[in-house]
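Here is a friendly walk through some helix pairs and a domain interface. Please have the sequence and the 3D view open as you read.

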Amino acid sequence: MKTLIKNGMLVTATDTFVSDILIEDEKIARLEPDLETDPDHLVDATGKLVMPGGVDPHVHLDLPMFETVSSDDHYTGHKAAAFGGTTTAMDFVVLENEDFAHSVNLWMKKAEKAAIDYSFHMNLTQFNDRIAKEIPSLMTMGIQTLKVFTAYNGRLRLDDGSIFKTLQIARDNGMLVMAHCENGDVIETLTGQALAAGHKTPEWHALTRPAWGAVEASLRMAAMSAQADSPVYIVHMNAGGEVDMLKYARERGAKVMGETCPQYLFFTIDHLRRPDGAKWVCSPPMRTEQDNARLWEGLSDGVLQTVGTDHCPFYFDGTKPIVYEGSEVVIPGKELGRDDFTKIPNGLPGIQDRMPILWTYGVGAGRITPNQFVEYTSTNPAKIFGLYPQKGSLLIGADADIVIWDPEKKVKYGAAHSHQRTDYNLYEGWELTGYPEKVFLRGTLIVDGDEWKGKRGGGKFLKRSIGEVL
Ligand code: DUC
Ligand code: ZN
Ligand code: ZN
């Protein structure tokens with residue numbers, strides 16, 4: 001099967017140029033202007049941009065939380081991702097019973113319905129000598145990343161000694177530690193005090209998780225990484241001070257990389273003060289306009305490396321069904337915490353929103369270039385997580401994961417437009433200019449305008465190799 005994409009303006013992390021692309025079966029076979037060939041399908045991309053499919057390094061699909069589960073699974077979340085231009089997503093395996101193989105198998109089962117390509121990170125939420133010895137076995141399963149937490153005492157958190165040992169094991173085995181940086185002790189103390197004082201509203205979610213904790217925990221992680229001579233990737237950077245710490249550490253040669261997410265670029269604690277503030281409850285929380293601005297700067301000047309989503313949606317009102325592919329679906333959501341902010345499921349939708357929102361409000365607003373857009377949403381995640389150049393590139397031999405982007409398309413965005421399986425959208429009513437028109441996954445057209453052409457089980461598990469330190 002041959003598909004020829006003609007006359008598009010190719011945008012990669014480093015270059016912008018006019019070229020045709022010939023796809024043969026699942027791969028990019030040729031890349032040159034004015035290609036003369038006789039394809040099975042011809043796609044005219046005149047006036048359009050052609051980019052590598054997005055790579056979302058941070059999502060939570062089908063994740064049990066409190067009394068419910070995140071409302072997108074590996075089919076619905078992947079379908080939404082594809083409509084937003086993303087063709088690879090990485091989510092996190094919950095470690096159960098201290099057993100890596102059992103936990104990975106559970107996630108493999110959940111992901112059988114995958115609609116785009118995917119891989120896993122392991123949540124390293126338990127640590128002892130036996131677990132330490134077994135960590136390298138994850139490499140044989142194609143998993144080379146371990147997420148550690150400096151918060152969630154008694155649940156997900158590891159002490160600093162265990163995190164340091166994990167960094168050493170990662171260094172010795174070509175693995176990468178990812179870190180959720182907040183101060184667990186401060187959060188536990190402030191939360192107890194807030195509840196005792198009768199504070200129950202969503203804004204207290206943010207007030208009990210101060211930015212200082214994120215800032216010092218980021219520097220602590222950077223320092224441990226430098227002392228272990230092992231790279232670290234700090235997820236969901238949300239506070240301006242974290243960007244300062246990243247810059248400080250990188251200027252001193254520490255192998256620290258940083259990810260932010262769109263929600264931290266646009267929203268503040270004031271959104272949690274709205275009557276529907278629970279929609280913005282996630283961890284780490286929203287900060288201030290100064291933080292938004294510093295994170296944008298971190299993208300403009302290249303201190304940060306990626307933009308992921310932390311997609312972990314819940315319904316705002318999970319007592320009412322929504323119609324998804326013709327059936328009513330109801331999943332408990334944010335209403336679980338109506339009377340107590342500590343019971344609001346933590347997480348936001350974003351897997352579809354990431355690229356269109358970042359295009360209009362990042363590239364369109366002159367904050368980042370089109371090449372940086374590709375770098376942050378596709379190429380860098382592919383490089384860091386051991387998928388490049390198979391993913392994140394438009395090179396000959398790469399998987400033909402391709403987005404044809406219409407830079408002129410106007411969209412009034414919101415829940416009605418989105419395929420994320422939840423009853424709200426954070427960007428409701430936002431005006432967009434530029435949107436994916438066609439999306440190919442390994443040479444197969446899976447999104448054609450408003451039409452879904454992908455399928456359950458069409459996505460493939462990606463065994464990852466050792467990544468690059470950027
Ligand atoms: N934060 C969230 O808000 N949800 C899922 C996991 C996380 O780190
Ligand atoms: Zn996290
Ligand atoms: Zn997360």
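Let us begin with a pair of helices: H8 passes H9 in a right-handed crossing. A crossing is left-handed if the near helix is turned anticlockwise from the far one by less than a right angle, and right-handed if clockwise. Helices (H or I, at least four residues) are DSSP runs, numbered from the N terminus. This is a predicted model, in which local features need pLDDT of at least 70 and side-chain atom pairs count only at pLDDT 80 or more, while totals for chains, interfaces and linings use all residues. Residues are numbered from 1 along each chain as its sequence is written, chains are lettered from A and ligands numbered from 1 in the order in which they are written, and side-chain values use heavy atoms, with hydrogens and water left out.

| Helix pair | Axis distance | Angle |
|---|---|---|
| H8 (211–228) and H9 (240–251) | within 8 Å | roughly 20 degrees |
| H5 (160–173) and H8 (211–228) | 9 Å | about 45 degrees |
| H13 (354–363) and H14 (370–384) | 10 Å | about 150 degrees |

H8 is therefore roughly parallel to H9, whereas H5 and H8 are oblique and H13 is roughly antiparallel to H14. Here, under 35 degrees counts as roughly parallel, over 145 as roughly antiparallel, 65 to 115 as roughly perpendicular and the rest as oblique.

Which residues bring H8 and H9 together? Ala214, Val215, Ser218, Leu219 and Ala222 of H8 meet Gly241, Glu242, Met245, Tyr248 and Ala249 of H9, where contact means heavy atoms within 4.5 Å.

H5 also passes H8 in a right-handed crossing. Among the residues making this contact are Ile163, Phe164 and Leu167 of H5 and Met221 and Met224 of H8.

The crossing of H13 and H14 is right-handed too. Its contact includes Leu358 and Trp359 of H13 with Phe373 and Tyr376 of H14.

On the domain level, the chain is divided into domain 1 (2–51 + 389–452) and domain 2 (54–384), with bounds from an automatic or database domain assignment. Their centres, taken over C-alpha atoms, are 27 Å apart. In all, 43 residues of domain 1 are in contact with 56 residues of domain 2. The two domains bury about 4,000 Å² between them, 64% of it on carbon and sulfur atoms. Buried area is the accessible area (1.4 Å probe) that two parts lose on being put together, summed over both. Arg421, Tyr424 and Trp452 supply 22% of the area that domain 1 buries against domain 2, more than any other three residues.

Conventions
Axes are lines fitted to C-alpha atoms, for helices over the stretch in contact, and angles run from 0 to 180 degrees between N-to-C directions. Helices (H or I, at least four residues) and strands (E, at least two) are DSSP runs, numbered from the N terminus.
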